[in-house]
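This report covers the pockets of the model and the residues that line them.

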Amino acid sequence: MSTDMWPIVHRERAALLADLKTLPDTSAWDLPSLCAGWTIRDTLAHMTATATTTPPGFVAGLAKARFSFSRFVQAGIARERGADAQETLSRFEAAIGLTSAPPGPETSWLGEVIIHAEDIRRPLSIEHDYDAGALVAVADFYKNSNTLIGAKSRIADMSLHATDAAWSHGSGARVEGPILALVMAMTGRKAFLDDLTGAGVETLRSRG
């Protein structure tokens, strides 16, 4: 990852940690996140697992999971959940300053932090202001990528326009709104479609 991206990643991890330390009710950890089948606690454990994985560790872990990416991810969550929510949070705190990542495009790990942070914050009704340049970089990455998330196919034949940043992409049915909502909708988070307007919103909804 480019050296200028790591400070943003570290800052976003730290901001999420600060938000989660203020949770008044421990039952909030068991609420569903925006990741299907994952709780808030699961999603944070996944973020820790990603932050602590090196390229060699990724290869070894994938082999141990018999080359099933799904089993590999679930093993990481199980490893980093810990005994209770406080341990899950402590493990994440210990990983905040790490600069390791699995193999992959560097911007994908910036996107990983932003998207999963919102997967956690949105169900908890926690608002956060992200670095605008980081959001644009992530939007530019996902608009051309179908790997795992399928964003490129999801926004095909659409014209996306950010209302709070100098960013637009594509042609076709118009979709406009905050750059964060566009990024989250591109990655399949339907909860953010209510923040968007335009003729293409329902098409996005139907594409999952």
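## Lining of the largest pocket

H4 supplies the largest share of the lining of the largest pocket, eight residues. Helices here are DSSP runs (H or I, at least four residues), numbered from the N terminus. The model is predicted: local features need pLDDT of at least 70, side-chain atom pairs count only at pLDDT 80 or more, and totals for chains, interfaces and linings use all residues. Residues are numbered from 1 along each chain as its sequence is written, and side-chain values use heavy atoms, with hydrogens and water left out.

In total, 44 residues line the largest pocket; His46, Phe69, Val73, Glu112 and Leu148 lie nearest its centre. Two or more lining residues come from each of H2 (40–51), H3 (55–64), H4 (69–81), H6 (106–121) and H7 (132–142).

The largest pocket has a volume of about 1100 Å³. A pocket is an open set of points on a 1 Å grid over the protein atoms alone, where a 1.4 Å probe fits, with protein on both sides within 12 Å along at least five of seven lines; lining residues have an atom within 4 Å of a point. Volume is the space filled by probe spheres set on the points, which are joined across faces, edges and corners.

The lining of the largest pocket splits into 21 nonpolar, 17 polar and six charged residues.

## The second largest pocket

The second largest pocket has a volume of about 340 Å³. Its lining holds 18 residues, with Glu118, Glu127, His128, Leu180 and Phe192 closest to the centre. H7 and H9 (179–186) are the elements that give two or more residues. H9 gives the most, three.

Terms used: Nonpolar A, V, L, I, M, F, W, Y, C, P; charged D, E, K, R; others polar.
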